[in-house]
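User: I'd like to learn how to read a few features of this model. Could you walk me through them?

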Amino acid sequence: MSKIRTAFFCQQCGYESAKWNGKCPSCGQWNTFVEERVQKDIPGKQHDWKNNDGGNGRTQKIVNLSEVVTNEEKRLLTPDNELNRVLGGGIVAGSLVLVGGEPGIGKSTLFLQNALQLKQIKTLYISGEESEQQIKMRADRIKNTNDQFYLLTETSTQTIFAEIKKLQPQLVIVDSIQTLHTPLIESAPGSVSQIRETTAELQRFAKESNTPVFLIGHITKDGSIAGPKVLEHMVDTVLQFEGDQHYAYRILRTIKNRFGSTAELGIYEMTGTGLRQVTNPSEILISQRDDLLSGVAIAATMEGLRPLLVEVQALVTQSVYGTPQRTATGFDLRRLQLLLAVLEKRGGFHFGVKDVFLNIAGGIRVEDPAIDLAVLCALLSSYEDNAIANKICFAGEVGLSGEIRAVNRIEQRIAEAEKLGFHKIFISRYNKKGIDLSKFNIEVVPVGRVEEVYQQLF
Ligand code: TYD
Ligand code: MG
């Protein structure tokens, strides 16, 4: 009888080690190693290349690329355009898609809803988290019925594959990968080796049967897909579902996609009856108000390939403690500190004695550097307690010496601002080259330095 092999795995990044380590040599985290039993070695299979049948009984391995038939055209379109878009134009046959997100963000709702709407194919929804009754209740809430929708509450992959063989579904959704376990491995469900092995089994199933499989996975606090960062390279597509739980908006982002661009993004709103696609996000993210308030500036940002106008709110107050506070929601705190330093040094504003709070409205998080200029103007507006006039927006990155730098896709940003009825947009003067301003009905103000913006605004 062969001995059971155990190994230590970092629960953070999946690094495998023969002995326990205090600090993971791969990701640098402390105290993350857990001993797990791994699959027993199959003797004689490994390094003998002469007598190796490859393990799966296939005789011919090498093929000529020109003889390979693609099934690219066989993309399955779901009724959800946002999902189709992030997948690069529909679901690819035989693809394995990992969807990550924090607990409670709406992953189960999104995929249950989509599966219920996909009436033309047989869908199997495997849940290891909720009972049939709970899922039925949720489906009732979403108000969708579908007689091609099948449910399996099971966590063992052996049973799952047996059921799949009987049902022959055309789409499989697994909620969640952390609850599955394979009898081949003896460690607990959710551990790195279990997740890796169950995903590998599902991957083989997806490729061999040409059935698309969606895996739902929970994300840890620091944003990595719990432990299984290891999963990201095994799957074809990685989507991330994010948003602030206290707000209704959710963003579905592509992190990796073998079949399309990673710049795509879908926007949803969580309602009482499931998730609703948001087709005009800018209109919702900008609050419509009549009176002007200081500390508010509108940024023309890009989320992926879509222009998105967001509202930046700043509050600058006299600091009551020795160390002034800086808080940023939806924006990088270090970037805020940097912009404050630029204002202090290049503009002579005394933010050093002020508390500064910054918020991006709508609970979304913006990474686009083009938001800098709006952040800066919101800070100045609050500092001066002087509101920025209505219907003005900004698109520009701010450099360390106070220069306004060019940003990408400026024409798309200007067009979006114009579409939403803005009268004026401030852009970098380095962006002006090569764009035809005459086609826009909106006033485009090119600026080169922070001081110029200040003079124009206040
Ligand atoms: P859920 O899909 O269970 O999240 P996840 O699978 O990512 O953990 O959804 C979580 C939240 O969504 C839950 O707190 C309730 C809310 N919700 C709605 O607001 N409306 C709905 O129609 C549904 C089904 C859920
Ligand atoms: Mg869930």
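**Burial, backbone and domains**

Analyst: Let's start with Gln168, which counts as exposed because it has 10 C-beta neighbours inside 10 Å. The cut-offs: a residue is buried if 20 or more other C-beta atoms lie within 10 Å of its own, exposed if 12 or fewer, and partly exposed in between, with C-beta atoms placed from the backbone. This is a predicted model, so local features need pLDDT of at least 70 and side-chain atom pairs count only at pLDDT 80 or more, while totals for chains, interfaces and linings use all residues. Residues are numbered from 1 along each chain as its sequence is written, and chains are lettered from A and ligands numbered from 1 in the order in which they are written.

User: Where is Gln168 found, and what is its phi?

Analyst: Helices (H or I, at least four residues) and strands (E, at least two) are DSSP runs numbered from the N terminus. Gln168 sits in the loop between helix H4 (157–167) and E7. Its phi is near 55 degrees, a positive value in a residue other than glycine.

User: What about Lys391: buried, exposed or partly exposed?

Analyst: Lys391 has 15 C-beta neighbours inside 10 Å, so it counts as partly exposed. This residue isn't a glycine either, yet its phi is positive, about 60 degrees. Look for Lys391 in the loop between helix H8 (372–384) and strand E17 (392–395).

User: Is Leu340 buried or exposed, and which residues does it touch?

Analyst: Leu340 counts as buried because it has 22 C-beta neighbours inside 10 Å. For contacts, the C-beta atoms of two residues, placed from the backbone, must lie within 7 Å. Leaving aside residues up to four places away in sequence, Leu340 touches Phe351 and Val356. Leu340 itself belongs to helix H7 (residues 333–347).

User: How is the protein divided into domains?

Analyst: Bounds here come from an automatic or database domain assignment. That gives domain 1 (5–38), domain 2 (75–279) and domain 3 (283–457). Taken over C-alpha atoms, the centres of domain 1 and domain 2 are 27 Å apart. Nine residues from domain 1 and eleven residues from domain 2 make up the contact. On the domain 1 side, strand E3 (residues 33–38) supplies the largest share, four residues.
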